[in-house]
Amino acid sequence: MTQQGVLLTDTHIEDAFVEFQRVQKSYDGENLVVKDLNLAMPKGEFLTMLGPSGSGKTTCLMMLAGFETATHGEILLDGKPINNIPPHKRGIGMVFQNYALFPHMTVAENLAFPLEVRKLDKSTREAKVKRALDMVQMGAFGNRRPAQLSGGQQQRIALARALVFEPELVLMDEPLGALDKQLREHMQFEITRLAHELGITTVYVTHDQTEALTMSDRVAVFDDGRIQQLAPPDQLYEEPENSFVAQFIGENNTMEGVVKSIDGDTCLVQLDDGSEIDAVPINVHNPGDRTKVSIRPERVEFNKDRLHADAHTLKATVKEFIYMGDVFRFRMSVAGNDEFIVKTRNAPDAVRLQPGQEIDIGWLAKDCRALDA
Ligand SMILES: Nc1ncnc2c1ncn2[C@@H]1O[C@H](COP(=O)(O)OP(=O)(O)OP(=O)(O)O)[C@@H](O)[C@H]1O
Ligand SMILES: [Mg+2]
C-alpha cells in the first residue's frame, strides 16, 4: 500500500533525467524477472540498486544501457523514450563485470577510444586520458595491454574508460568487486567525488550494503523483480517499510507476535511468549494481524538508569559477550529469540555483561517497528 504510494509519487518527479515507467521484463515469455519497475531519477543523482542475487538489478541496467529491451513499459532518458536508440548512441558510460577492454589496444588507447569516437583533438584526448588514469592510480600503466594487468587493475581501467568522456549518465554493475578492501574504499570515495563534481547521474549496482549506504543519494532495494523500498540511506536504515528491507539492511532483531490493539501511531503487540510491547505499526493494520517486530541492536538499552520508566521492558538472559574494540556486542535470549543482539559503545562506563546474567532490556517505542510477518 505505502509502497505503491511511494512508487507513484516517485514516478512524477519533475524533470526526471532517467525514468522507468511500468517496466516489465521476461526473458522466456513466461516469468517476469522485472515485475513493475517505476523509478524516476533527477539529474546528478547517485542511485544504487541493492538486492539479493537474481533480483533483477543487472537486467534493469542492461535495459537502460540498451543491451536488453523491456517486455512492457517505457524507459525515458532526459524526457525522451530510448527504447529505439541503440546502445552506442545513448552516451552512457558503463562498467559491467563482463564489459571487457579491447585486448589489442593499450590501456591509453582503450581510454582514448571513446574520445576519438567523439572527435576530440589529440591534446585534449591526451590530457583527459592522463587525468582518468591518475584518478584510478594507474598513471604508469598507459602502455600496457589489458592481458598484462591483474583483474583489479583491468577493473580500474574499465572504470576510467567509462568516466573519461564525462558522460551524463554512468551505469556501474559491481565495479569494485575484484578490488581489495583498501583500494575498494578509496575507489568508493573517488567515484562519488567524481560523480558529484562532474554532475554525473549514476546508477550503481552492488551486493555490498555498506557500499550502498555510504555512496548513494538514494538506494533502491530489490527483491524478486520489484523495488521493495526506495529511500535515502538513513531513512532506509531507520525506517524500513517491510520485513524484507528491515532484515536485508543492517542487523535487526525480530520477535514474532500478534497485534492486540492499534491506536494511531502506536500499537500493542503480544509476543509469542506472552509478553507485551509497544511498537509503531508500519504495515500491520488490524488487531489480530501476525507481525514481526523489529528493533536495531544499537537501540536496545539495558542500563537501569537509562531505561525509560514508561517503556515496556523485557527479561533477557545474556548468552555471549563479544569484545569488538569500539563496540561491545551481546547475544541474548529474549522472548524466545536466542539470537537477540545488543550493541553498545565501548564508553568508559560501559558494562561488560557476562553470560548467564539476567537483566531487563528496553527501548523507545518509536524505535520498535511492527512489520509484516
Ligand atoms: N540472458 C538471460 N536469459 C534468461 N534469463 C536471464 C538472463 N539474464 C538474467 N536472467 C534471469 O533473470 C533473473 C534476474 O537476473 P539479473 O542478472 O538481473 O539479477 P541480479 O539482481 O543482477 O543478480 P546478481 O546479484 O546475481 O548479479 C535471474 O533469475 C536470472 O536467472
Ligand atoms: Mg547482476
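Tutor: Let's begin with one word: a residue is called buried when its relative accessible area is under 20%, exposed when that area is over 50%, and partly exposed in between, using a 1.4 Å probe and counting protein chains only. Cys 267 is buried by that rule, since its relative accessible area is 2%.

Here is how to read the values. This is a predicted model, in which local features need pLDDT of at least 70, side-chain atom pairs count only at pLDDT 80 or more, totals for chains, interfaces and linings use all residues, and side-chain values use heavy atoms, with hydrogens and water left out. Residues are numbered from 1 along each chain as its sequence is written, while chains are lettered from A and ligands numbered from 1 in the order in which they are written.

Next, the whole chain. Of its 373 residues, 48% are buried. The C-alpha atoms fill a box of roughly 75 × 45 × 35 Å along the principal axes. The protein chain holds 19 strands and nine helices; both are DSSP runs numbered from the N terminus, where a helix (H or I) has at least four residues and a strand (E) at least two. Two strands count as paired if DSSP finds at least two bridges between them. Strands of a sheet pair through backbone hydrogen bonds, either parallel or antiparallel.

Four strands make it up, in the order 2-1-4-5, with antiparallel pairing. Strand 2 (32–42) and strand 5 (80–81) are at the edges; each has a single partner strand, so one side of each lacks a neighbour in the sheet. Strand 1 (residues 16–26) is joined to strand 4 (residues 72–77) by five bridges, in the antiparallel sense. To find this pairing on the model, look for Gln 24, which stands opposite His 72 in strand 4.

Strand 9 (residues 218–223) is our next stop. Five of its six residues are buried, so strand 9 is largely enclosed by the rest of the structure. Strand 3 (residues 46–50) runs parallel to strand 9, and four bridges join them. In this pair, Met 49 stands opposite Ala 220 of strand 9.

Strand 9 also pairs with strand 10, this time in the antiparallel sense and over five bridges. Here Val 221 has Gln 229 in strand 10 as its bridge partner. Strands 9 and 10 form a hairpin with two residues between the strands, and in that hairpin Asp 224 takes a positive phi near 55 degrees.

Stay with strand 10 (residues 226–231) for a moment, because Gln 228 is found there and counts as buried at 14% relative accessibility. A polar atom of the Gln 228 side chain lies 3.3 Å from the backbone oxygen of Asp 223. A polar contact is a pair of N or O atoms within 3.5 Å; within protein, one must be able to donate a hydrogen and the other to accept it, and residues adjacent in sequence count only if both atoms are side-chain atoms.

Val 269 stands opposite Ile 277 in strand 13. These two strands form a hairpin as well, with four residues between them, and Gly 274 in the turn has a positive phi of about 100 degrees. Strand 13 has two bridges to strand 19 (residues 369–372), and that pair runs parallel. There, Pro 281 has Ala 370 in strand 19 as its bridge partner.

Finally, back to Cys 267. A disulfide is a pair of cysteine sulfur atoms within 2.5 Å. The closest cysteine sulfur to that of Cys 267 belongs to Cys 368 and is 8.1 Å away, which is too far for a bond. A search of the whole structure finds zero disulfides.
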